[in-house]
Amino acid sequence: MKIGLLGYGTVGKGVFDILEELNGLEVKYVLDLRELPELGEKLTHDLNVILSDPEVDTVVELIGGMNPAYDFVKKSLLAGKNVVTANKLMVSLHYGELVRLAAEKGVSFRYSASAGGGIPWLVNLQRAHRASRLELVYGIMNGTTNYILDSMTTLGEEFDAALAEAQKLGFAEADPSSDIDGLDTRHKTTLSANVAYGVVLDDEKVDAFGIRFAKKCDIDAAGEAGYALKLFGVARRCQEGIAAYVEPTLVPAETPEGNIHGCDNIIAFEGSYIGKTRFVGAGAGRYPTGYAVVQDLVDIDAGPGVLYNEKMDEAAVNNAAECHAYYVRTDATDDPFFVALEKKPFGAGFATEKVSVRQMHDFAARALAAGKEIFIAGFWN
Ligand code: HSE
């Protein structure tokens with residue numbers, strides 16, 4: 001296999017290093033905007049050099065973000081190259097189109113590193129899907145937010161201090177919005193649902209409420225009642241479509257999910273025959289993520305046509321059917337929905353009766369749009 005590697009950043013360098021130790025998988029080109037003398041003749045600034053070289057059968061996209069990554073991936077597939085990527089934003093928003101294009105061109109398109117980092121998550125989800133009816137996927141899919149919540153819990157820090165520390169240590173980006181607003185988890189949840197259920201979800205319809213507004217008093221309220229506060233992505237099969245959402249979650253402290261520390265992830269699926277299976281490990285980082293990319297390359301090298309799913313049914317995100325109790329701390333107390341809710345005092349806020357994810361996320365969006373303070377967290381049973 002001869003590879004064109006697009007992007008020589010954190011993960012790109014990790015993939016390059018791992019491949020140097022593997023026989024048979026050769027990086028022929030590295031595309032990067034910078035001058036990188038250590039790459040010698042391999043460096044190119046021109047995608048066409050890679051696409052027009054018949055020796056290159058596989059392109060690895062590790063530029064990240066939507067553009068130019070999306071354009072480069074489409075051009076690579078159209079040129080008949082296999083594509084491996086870790087780009088959860090691009091794949092979750094263009095899943096159907098890219099998978100179909102790869103199938104049409106008879107090439108492989110794999111994105112194992114897009115969810116779970118080094119954890120063999122999507123690849124096992126695919127295996128589970130083909131022999132089991134999966135009903136639920138859920139878990140902690142973002143290391144940055146787990147690090148922040150964990151610091152708030154164990155060190156008693158407020159959100160801003162925990163975020164600043166995570167940034168100082170390189171666990172959070174300078175612009176942390178995608179992580180702390182739950183968008184990174186949303187993309188991973190969408191991809192997990194697509195693979196688990198053989199569907200194409202509209203990523204933008206997946207409700208996401210992140211941890212930006214979490215306070216120490218929320219962590220304390222959870223802890224005093226025997227819960228840990230974690231950011232969950234959830235996708236559950238329901239009668240009409242898939243309930244899919246991201247929200248802070250009060251998870252019983254004694255469960256494995258309640259005991260995931262630092263940047264680790266824990267993700268689980270539940271289905272017929274197999275019950276519940278959990279995966280724990282490094283969800284990010286140069287070498288864990290690079291390892292997942294390399295595993296995709298080895299799979300492709302072993303045989304053509306390795307796609308995640310031939311089946312991609314249309315499926316609606318349906319969060320009206322998914323109901324559970326919530327912890328709510330807000331000053332939007334005059335909202336008619338909140339007034340009518342049965343609730344009792346819980347820490348700095350209230351514990352509500354069971355309501356739908358749809359209603360609660362709509363309420364949170366209304367409150368934020370009105371400039372009110374609000375933090376919500378679902379109770380996990
Ligand atoms: N920012 C992501 C995380 C990186 O913290 O999990 C890996 O997807």
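Start at the second largest pocket of this predicted model, with a volume of about 170 Å³. A pocket here is an open set of points on a 1 Å grid over the protein atoms alone, where a 1.4 Å probe fits, with protein on both sides within 12 Å along at least five of seven lines; lining residues have an atom within 4 Å of a point. Grid points are joined across faces, edges and corners, and the volume is the space filled by probe spheres set on them.

Select Ala 208, Phe 209, His 361, Ala 365 and Leu 368: of the 15 lining residues, these lie nearest the centre. Now colour by element (helices are DSSP runs of H or I, at least four residues, and strands are runs of E, at least two, numbered from the N terminus). Which helix gives the most to this lining? Helix 14, with six residues. Strand 9 (207-208) and helix 14 (357-369) each supply at least two. By class, the lining has eight nonpolar, two polar and five charged residues. For these classes, Ala, Val, Leu, Ile, Met, Phe, Trp, Tyr, Cys and Pro count as nonpolar, Asp, Glu, Lys and Arg as charged, and the others, Gly among them, as polar.

Some ground rules before moving on. Numbering runs from 1 along each chain as its sequence is written, and side-chain values use heavy atoms, with hydrogens and water left out. Local features need pLDDT of at least 70 and side-chain atom pairs count only at pLDDT 80 or more, while totals for chains, interfaces and linings use all residues.

Next, jump to the largest pocket, whose volume is about 1300 Å³. Of its 47 lining residues, pick Val 11, Gly 64, Lys 88, Glu 173 and Asp 184, the closest to its centre. Helix 1 (10-20), helix 4 (88-93), helix 7, helix 9 (177-180), helix 10 and helix 12 (286-302) are the elements that give two or more residues to this lining. The lining splits into 17 nonpolar, 20 polar and 10 charged residues.

Now show the ligand, which sits in the largest pocket (more than half of its atoms lie within 2 Å of the grid points). Select its shell, the residues with a heavy atom within 4 Å: Lys 88, Asn 142, Gly 143, Thr 144, Asp 179, Asp 184, Lys 188, Gly 283 and Ala 284. One of these is nonpolar, four are polar and four are charged. Helix 7 (143-154) and helix 10 (183-197) each supply at least two of the shell residues.

Alone, the ligand exposes 260 Å², and the protein buries 82% of that (Shrake-Rupley, 1.4 Å probe).

Last stop: the backbone. The Asn 67 to Pro 68 peptide bond is cis, with omega near 10°, and Pro 68 is in the loop between strand 4 (58-61) and helix 3 (69-78).
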